[in-house]
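Work through the exercises below with the sequence and the model open. Each task is followed by a solution in steps.

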Amino acid sequence: MTAAIGLPTGPPPKKFKLRAPKFALAVPAIVWYIFLFVIPVGLVIVNSFGSKLQGTPGKVDLSAPSLDRYREVVDGDFSDVLVQTMKTSLLGTLLCLLISLPIAYYLAFKTSSRAKVVVLALLMVPFFTNYLLRTLSWQIVLQPKGFVSNFLQDTHWFTFGQALRDTPIKILKTRTAVQIAIVYNYLPLMIFPLWVALDRVELHLREASKDLGAGRVATFVRVTLPLAMPGIVAGLVLVFVPLSGDYVTAELLGGVKGNMVGRAVADQYFRSQDAASGSAIAVSLIISILVILGVLAAVFWCVRRILAVNRRVTVVSI
Amino acid sequence: MKRRSRSSSDVPRILISQQAAQRLAESISRRRFLAMSGGVAATAALAACGSDEKKSSATTSADTTAATSGSSTAESTAATTASTAASGNFDKKINMFTWAEYDDPDLLKSWGDISLTIFNSNEEAVQKLVQGGGSSGFDMVVPTGPYIPQLASADLLLELDKTKIPNFANLDAAYANQTWDPNNKYSVCKNWGTTGWIYDTTIVKTEIKTWSDFIAAAQGDASGQTSVLDTAPNLCGMYFWANGIDWTTEKKEDLDACEEFLVNEFAQHLSAFDSYPGINLTQGNYALSMVWNGDARQGLLGVEAAGDDPDQYKWGLGAPQTELWMDNWCILKEAKNVDASYDFINFILDPKNSITDLNFHGYNTGIKGVEELAGDVEFKDMIFFTEAQVATFKPGAVNSAQDRLVDIYSKVKAKAGG
């Protein structure tokens, strides 16, 4: 306790002061973290070494821990589901990025502040609708006897696609359906961080770039984009991670062809009553996500490193 | 903060005052710090919730998907003739765990407030109830017969007090006292049904008469447009029925052959595992589906209602053998609304209500004289079967093969998606 300037100095009042340690504020977060993350995930990891207790619904036999469940994941057909899921997630994340970038750019630089409110509100509106319902609506849109399919068959605009005219679209219950809906569902998660990142790129810097002779493209590529890079990375992670674990979209739109790991896990738990296999698949998913993120981070780091050599600016003081 | 002061000539240099240089350097590092910490925080947060989000959504979303509920304002204009269960005051309110499209919503509303949560297979229902450990919040569950011992041994079911269900006497004795629940200790028959197929005749050109034809069509005309029921016994049952093997077989060689065939020769032709292909018949998702008779009937009614031609689709009863299943009303031990549950079971066993419900779900409710009472119900041949047909219906069993069946089913599912 040091005396601050302007305050009377003297012995502190004798009143006993109860002082909680500073980390007290973090206690709710720590409790949340331990009970809702560390313990459940720990249990999942433990269960993944067990095996199904035969004849019981969902009990795990841990008497002889082994890596057999992981072997089944790697050797069996689940590895295909895992690979497919990762492909879907990476492609989905990339599509989200490509679609979001122009939108975020438009929002950050090309709209008046009033229009910005409107556009942001429009982007938020889908969030007011339940995730499940938004996904279900794709069932209506994509069904072979739905209005899109009927429209495409009735109008003869698509002269190139004879087949398209004569047969209903068969997208529902395929991976394509899952891919489309997943991009749609996670798009806002990409747009917002991108917008924030681009918005933070100060106009002065872009002006300076132009003053110094850079064209529009050069300014975007060499100034705006590098400055927004942290936001882009955040957006990529924000979309990629939950997308990889998505369950609802695959459940509602995927059929068997558009299966995702999240649904495979749920299937193991609830339909197959096999918590051990489900846990092993879940852990495999977590590992896959971490590996992919690690690889991406390494690639990013290398690219930055290489670029940095050519972009180095020395600030010299006089 | 890193300040690079290399003086090699290829590095561009900016010449500014010392004050400005400091501010510029600071502002750059501050922005980088903010951006980085933002990114890191978001990453950490997501990495954390990515994995448990998956679990929580798995437990919640699926079973609430089709949850509908009778409006709470519905007055109880219950037309129960027989005197309802003794005890006087209770809310007419039940949380029920059941199959989709399984009860007439208007009928439920006329009784009281029933909120429905849907499951797709018995395995799923049992798993969720057992996992809930008696605190799933449901009052009633509607399992298929052979799964009742599993639930009972987990101490989840309430022993029924038949004096509270006077209308139990209306049930045909043929559907009481089944092997899996002697003396109806825990359950009362809701209805029974069987399994067959429905196909779109514009796509499947050859007539399907047996399960072998079904498999051939799935591998042929309907490849990639075929759905099967989302339950392990039905999937494997298809193979057993087609090959004249008892579908309750516990023989290893039968199960091996079944796995071999389904995983390697059948899985790749599937489009979906769907327990309710009938309800969504109007969507036109499948050319061929394995389907329960009542669901198929509801589908054809839906096609009619949508103004399409139901003759485009053809229903067939599984042959040479097929399934006989019976779903049952059970009250859970944990039930909060026990009296209401008894009252509801009594209500639904009233012949008048039973027939109303039958009209909706299209399954035989096992009430005495049900066929005459049903009168001119649409697609009657999909509800009531001849004695010769019934003779080909085989009840299922939960036996030592159960785990293996589920294992085969998982493998087929994984293979089909690969």
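Two strands count as paired if DSSP finds at least two bridges between them. The model is a predicted one.

**Exercise 1. Which residue of E3(B) stands opposite B:Lys93, and how many bridges join strand E2 of chain B to E3(B)?**

Step 1. Strand E2 of chain B covers residues 93-98 and is joined to E3(B) by six bridges. With at least two bridges required for pairing, the six bridges make E2 and E3 of chain B a pair.

Step 2. The two strands run parallel.

Step 3. B:Lys93 has B:Asp113 of E3(B) opposite.

Step 4. Strand E3 of chain B spans residues 113-118, and five of its six residues are buried, so the strand is largely enclosed by the rest of the structure.

**Exercise 2. Compare the end-to-end distance of helix H10 of chain A with that of a straight helix, and locate the kink.**

Step 1. The helix comprises residues 216-244 of chain A, 29 residues in total.

Step 2. A straight helix at 1.5 Å a residue would reach 42 Å, but the end C-alpha atoms of H10 in chain A are only 36 Å apart.

Step 3. H10(A) has a kink of about 55° at A:Met229, shortly before the proline A:Pro230.

Step 4. For context, chain A contains 13 helices and three strands. Of its 318 residues, 36% count as buried. Among contacts in chain A between residues at least 6 apart in sequence, those joining residues at least 24 apart make up 70%.

**Exercise 3. Describe how domain 1 and domain 2 of chain B are placed relative to each other.**

Step 1. Domain 1 consists of 93-191 + 325-383 of chain B, and domain 2 of 195-321 + 398-417.

Step 2. Taken over C-alpha atoms, the centres of these two domains of chain B are separated by 26 Å.

Step 3. Contacts between them involve 16 residues of domain 1 of chain B and 16 residues of domain 2 of chain B. On the side of domain 1 that touches domain 2 in chain B, seven residues are nonpolar, six polar and three charged.

**Exercise 4. Is A:Gln273 buried or exposed, and is B:Asp155 buried or exposed?**

Step 1. Most residues other than glycine have a negative phi. A:Gln273 has a positive phi, near 55°, and B:Asp155 has a positive phi of about 65°.

Step 2. A:Gln273 is in the loop between helix H12 (261-271) and helix H13 (275-311) of chain A. This residue counts as buried because A:Gln273 has 26 C-beta neighbours inside 10 Å, and the cut-off is 20 or more.

Step 3. B:Asp155 is in the loop between helix H4 (148-153) and strand E5 (187-193) of chain B. With 10 other C-beta atoms within 10 Å, B:Asp155 is exposed, the limit being 12 or fewer.

**Exercise 5. Which residues does B:Ile355 touch, not counting residues up to four places away in sequence?**

Step 1. B:Ile355 belongs to helix H10 of chain B, residues 351-361.

Step 2. Beyond that sequence limit, B:Ile355 touches B:Leu373 and B:Ala374.

Step 3. B:Ile355 counts as partly exposed, because 17 C-beta neighbours lie inside 10 Å.

Terms used
Residues are numbered from 1 along each chain as its sequence is written. Chains are lettered from A and ligands numbered from 1 in the order in which they are written. This is a predicted model: local features need pLDDT of at least 70, side-chain atom pairs count only at pLDDT 80 or more; totals for chains, interfaces and linings use all residues. Helices (H or I, at least four residues) and strands (E, at least two) are DSSP runs, numbered from the N terminus. The expected span of a helix is 1.5 Å times one less than its number of residues. The bend at a residue is the angle between axes fitted to the seven residues ending there and the seven starting there. Domain bounds come from an automatic or database domain assignment. Two residues are in contact if their C-beta atoms, placed from the backbone, lie within 7 Å. Ala, Val, Leu, Ile, Met, Phe, Trp, Tyr, Cys and Pro count as nonpolar, Asp, Glu, Lys and Arg as charged, and the others, Gly among them, as polar.
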